[in-house]
Each structure stands twice: as C-alpha cells, then as structure tokens.
Amino acid sequence: MLNPLTLAVVRHKLKAVTEEMVETMTHTCFSPILNQNQDFSAVLLSSDIQTVSQAERVPIHMGAMPLAVRLMAEAFEDDLADGDILMANDPFWGGSHLPDVTLAMPFFQGGRLRFWVALRAHQGDIGGLSAGGYSAAAREIWHEGLRIPPVKLAARGGVRRDVLRMVASNSRRPEDLEGDLMAQLAAVKAGAARLEELFRRYDAEEIEACVCAVLDGGEAIMRQMLRGCRQGRYEGRSCMEYEPAPGHLLPIPVIVTLEDGRAVVDLTQCPDQVPAFINSPYANTRAAVMVAFLYFSGDEQGLNDGSARGIEIRTRPGSLLDPVLPAPVGACTSSTACALIEAVLQALGGADPERAIGGFARRFRFALAGVDRQGRPFIWHYFFNKGGTGGNRDHDGWPNLGGLHNPGGTPSPSIERTEASYPLVVEEYALAPDTGGAGQQRGGLGGLMRLRYDGTTPAVLNASGEGVLVPPFGTGGGADGAGHDYRIAQANSSEHRLGVHDSGVVLEPGACLVCTSAGGGGYGDPRSRDRDAVRRDVAFGYVSAAAARAVYGLEDAPEPPDRRDSLHRTS
C-alpha cells in the first residue's frame with residue numbers, strides 16, 4: 001500500500017522539477033518574449049505519455065503537449081537512447097502553431113523508459129510572411145514559417161549542430177532562435193538531472209505507484225465535479241471575428257453532454273476550415289477544452305492527464321477545430337482557443353450556474369518590426385495591457401490579467417527594460433474606468449496604454465487578436481465588459497483604428513499607439529452589488545460616478561478625487 005506521505009513528497013517534488021525547468025529557461029534564454037514574458041511551459045509525462053506534473057505557466061501549452069510528445073515518440077519508436085532530445089513544432093504532428101517549439105527528452109532509469117521531460121516555448125520568429133509570426137495574410141501553413149516534424153536535436157547527449165543551424169537559419173533573428181533552443185535544451189536536461197536525484201531517494205516501483213496515484217486522483221477530482229453538475233445536454237456558443245463571414249462573425253457552437261461523471265464535448269457543428277490563420281489543430285482544440293473544464297473544476301489536483309479520462313472530444317476533420325493540410329493555424333493558441341473556451345464554459349455554466357464565470361478579455365497582440373536606436377533590426381511583441389477577467393459568484397474579476405488561454409501565465413514585461421532596449425516610450429499606463437462589466441460581482445478592468453514609437457525610420461506592425469466586435473460576455477444577469485479599442489495616432493495627426501487582423505501597418509517615427517484593452521464580463525444583477533463596494537469602486541476610480549448612479553443605482557455616488565498620480569504611470 002502506498003504511503004500517503006511518500007505520495008505527497010513525490011508529487012510536490014515532480015512539481016518542483018518542472019518549476020526548476022522554468023527557472024533554468026528564464027535565466028538562459030535570449031528573446032524578450034521568453035525571458036520577460038515567459039511564454040513557455042514545462043511538463044513531466046509518464047512513460048506512456050500522460051502529463052503527470054506541470055509548471056503553472058501557459059495552460060494552452062500543457063493540454064497539447066502530450067499529443068505532440070506521443071507522436072514524436074512514435075516517430076522514433078525503435079531509435080530512442082539515453083541522452084536523445086527530440087524537437088518538433090508541426091501542428092499536423094501534434095503541435096499547436098509554428099512558433100511553439102517543443103523539446104522532449106526520454107528519461108531512462110534501470111534500462112527502462114520512466115518519464116518524458118518536455119518544454120514548449122514560443123519562439124520570437126520562426127520565419128514565414130510576417131516578422132514575429134501571426135501573419136493574417138497566411139493562406140496555407142507554409143506561409144507561417146518553418147515546419148519541424150519530429151527530429152533529433154541531440155543524439156546520445158550530443159547536440160546536432162546541423163539541425164540547429166538549419167532551424168536557426170530560417171529565422172529573422174537566428175542568434176536568438178539558436179540561443180533559445182539551447183536554453184530549452186538546458187532546461188530539459190535540468191529536469192532529467194532532478195529526476196535522477198528522485199530515483200536515488202525512492203525506488204522505481206514507489207515512484208511509478210505515485211505516478212499512477214496522481215493520475216487516478218486527477219480523474220477522481222474531475223469525475224466528482226461532473227457528477228455534481230446537473231446531468232443532461234447543454235449548449236454554448238461563441239463567435240470569432242472573421243471578415244468574410246456574415247456579420248464578420250464566425251460561430252463556434254459547442255454541445256456538452258454530462259452523464260454519470262462523464263462528459264462528451266461535441267464540436268462537429270463548427271464551420272469548415274477557412275483559408276486564414278484562425279484554424280485550430282486538434283492538439284490545440286483538446287487543450288482549449290481541457291482548460292475550460294479545469295477552470296470550472298478549480299482544483300489544482302486535477303492538473304494532470306488523469307482529469308481528461310472522463311472527457312470525450314468529438315471533432316470533424318476538415319473543420320475549423322480539426323483542420324487538415326494545408327490550413328494555416330497561427331492564431332489558434334490565443335484567438336481560436338479563447339472562443340472555444342468561452343463556448344465550453346457557457347455550456348458548463350448551464351449545468352452548474354453557481355460555478356459560472358463572466359467572459360475574459362481576449363488576446364489582442366501585435367508584433368512591431370523595425371530598426372532600433374543603434375541601427376540594429378528588432379522584433380518586439382506587445383505583451384502589455386492584457387485586459388480584465390470575468391466576475392463569478394464570489395469574486396470580482398481580476399484587472400488587466402489576460403485572456404482565457406493563459407491568464408497571468410505570461411507576465412507583462414518591464415517598462416524600463418522595454419524603453420531601454422527598444423525605440424519605444426510608454427507615455428501612459430493606467431486602469432481604464434468603466435471597462436469592467438457591471439454586476440453583483442464586477443468584471444475586472446481593462447487598461448489604457450499610450451506607447452510612442454521613437455525610431456528614426458518607419459516600422460511595420462502586424463496585429464493578431466479578437467475582442468473588438470465580441471466583448472467579454474456577462475453571466476447571470478451581469479453586463480458585458482467593454483471591447484478592445486486600439487488606435488494609431490501618426491505624427492501627422494492622422495488616426496487609424498487598428499483591426500484585429502491588420503498586417504503590414506506602417507508606423508511612422510513619432511507615432512503613438514493608444515491601446516484600451518477589454519474589461520471582463522460581470523456576474524449577477526448590478527443593482528444587487530454591495531453599496532459599499534460600489535462606493536469603493538468610485539473612490540478608486542474603477543467606476544465613474546455617472547455609471548454608479550445609472551447602472552448600479554447608487555444615488556449618493558460622489559465624484560472621486562483626482563487620483564491620476566496613483567492610477568497612471570506617465571512621462
């Protein structure tokens with residue numbers, strides 16, 4: 001019989017291994033998207049390739065990695081040795097989108113394969129039509145960059161310099177890509193070294209028993225949650241912003257059927273795949289569905305592949321959520337994932353309204369490519385100002401935290417480092433009043449950011465995102481949050497409203513980007529909100545006095561004092 005203390009120690013040690021992998025990556029990688037924004041994730045998988053432990057970084061990575069590692073392992077089934085490290089990014093080999101490169105290392109002990117150590121990282125540039133990826137002009141996967149099927153980056157401990165050179169040569173920033181891949185390699189090696197220590201402390205049979213118990217525990221947690229919901233058939237529906245579609249909206253319908261601790265998620269009614277970068281390969285679709293169920297469960301013991309055992313996902317090959325070649329997929333991890341998570345959460349909210357949650361701000365990002373103050377080419381990814389999250393029965397939404405696919409998982413970069421390293425000046429950074437959806441529990445606030453381009457030559461901006469036409473939804477009587485509003489004020493005083501899929505937008509020196517991010521959806525009737533909470537919102541500048549009176553019914557709402565110094569960062 002497994003000792004509960006041993007189980008607790010091993011479970012937490014496995015988690016510590018993944019966290020050390022993350023720290024190794026953070027301190028050795030080159031690109032700001034990795035060393036500042038931490039757009040990467042680390043997992044440990046069992047010998048039969050089920051996620052056992054993960055560092056809590058980017059949820060949309062974690063649910064997809066088992067499929068990628070499984071196909072990578074199958075590609076080298078008869079040719080795996082101690083010290084091998086496999087690499088892949090191909091969405092049609094279990095990947096999500098091309099910037100996300102996965103490294104996976106088999107861990108052998110006593111002559112047997114015991115674990116897989118894997119880390120997926122979003123590379124700053126992997127080639128393709130647009131600098132930084134996310135090309136809205138892509139009409140097929142080959143437009144989006146270098147496809148890497150399963151290959152060996154290291155063989156029996158030795159790095160294959162030919163493979164590294166070939167991959168790096170396909171990036172606009174080859175030195176960054178090479179350095180970041182070597183950082184990934186160092187991180188998975190660090191994970192393997194820590195596993196060696198664990199196997200010196202416990203015998204293999206004990207550790208394998210703990211792995212089985214962790215996975216069984218994840219399954220039990222999820223099935224218990226599913227049994228606690230009202231059984232039956234529930235529908236959810238979200239939309240994506242896609243200009244050729246009627247009303248510029250593409251529906252994402254979901255049917256969730258719950259029966260005796262089991263869920264069937266039917267995605268077969270979604271539209272056919274489109275010649276645009278919003279298709280979602282199956283691995284990403286699976287990850288998005290699991291993110292929704294794990295959010296709804298809210299129990300961290302379910303953060304492993306055991307929780308997926310009671311969930312069946314049905315897709316239709318050739319559709320938006322299970323495309324086939326040559327579909328482009330660049331925006332799948334943020335745009336399409338957010339829409340799918342929303343639809344699944346809406347369906348689950350019908351099964352258990354008390355667990356329902358308002359919509360989160362969707363991701364609206366852009367990449368800026370130009371020449372820095374020293375005359376060197378640069379690529380900069382916008383990770384600031386992420387928008388608000390939805391309120392729920394017990395809490396207001398978090399302000400300015402980020403989209404459903406990875407809330408808080410990719411931190412905002414340092415303003416000071418950004419201004420020192422790039423020809424950019426942050427003129428204003430503030431929470432934006434009245435952006436959170438009104439409710440008994442208010443949605444989290446979006447933000448306002450004024451960013452001036454201080455270069456001496458024009459730069460090019462490529463946008464990718466959602467959330468202008470589709471605001472974060474309210475639930476249980478709560479109001480929708482405000483949608484995104486991004487504008488470019490050129491130095492000649494002309495103004496351009498930035499669309500979610502604009503590409504090739506020229507930014508003249510002196511231009512200012514004015515980005516107001518979306519607020520989260522509210523939960524419950526705004527008139528039921530605690531009166532003192534409304535007064536506090538007004539005093540803090542979160543809600544205007546006019547909105548407090550008109551929306552919340554607070555007749556004695558005072559005009560707040562000028563709190564600009566505490567709410568704004570200006571220069």
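This is a predicted model: local features need pLDDT of at least 70, side-chain atom pairs count only at pLDDT 80 or more; totals for chains, interfaces and linings use all residues.
Residues are numbered from 1 along each chain as its sequence is written, and side-chain values use heavy atoms, with hydrogens and water left out.

**Stop 1: α1 and α7**

Select residues 4–28 (helix α1) and 204–228 (helix α7). Helices (H or I, at least four residues) and strands (E, at least two) are DSSP runs, numbered from the N terminus. The two helices pack at about 80°, their axes 10 Å apart; axes are lines fitted to C-alpha atoms, for helices over the stretch in contact, and angles run from 0 to 180 degrees between N-to-C directions. α1 and α7 are therefore roughly perpendicular (65 to 115 degrees).

Now show side chains: Thr-6, Leu-7, Val-10 and Arg-11 of α1 meet Glu-206, Cys-210, Ala-213 and Val-214 of α7. Contact here means heavy atoms within 4.5 Å.

**Stop 2: α7 and α8**

Pick out Ile-221, Met-222, Met-225 and Leu-226 on α7, then Phe-293, Leu-294, Phe-296 and Ser-297 on α8, to see the contact.

**Stop 3: Asp-100**

Jump to Asp-100, in strand β4 (residues 100–109). Is Asp-100 buried or exposed? With 2% relative accessibility, Asp-100 counts as buried (under 20% relative accessible area, with exposed over 50% and partly exposed in between, using a 1.4 Å probe and protein chains only).

Leaving aside neighbours within four places in sequence, the contacts of Asp-100 include His-61, Asn-89, His-122 and Thr-333. Arg-120 is another contact; Asp-100 and Arg-120 are 20 residues apart in sequence and 6.1 Å apart in space, C-alpha to C-alpha.

**Stop 4: α11**

Finish with helix α11, residues 531–540, and colour its buried residues: Ala-533, Val-534, Asp-537 and Val-538. They cover an arc of only 140° around the axis, which puts them on the same side of α11; the arc is that of the directions from the helix axis to the C-beta atoms. Select 545–550 to see α12, which the buried residues of α11 pack against.

Conventions:
Angles under 35 degrees count as roughly parallel, over 145 as roughly antiparallel, 65 to 115 as roughly perpendicular and the rest as oblique.
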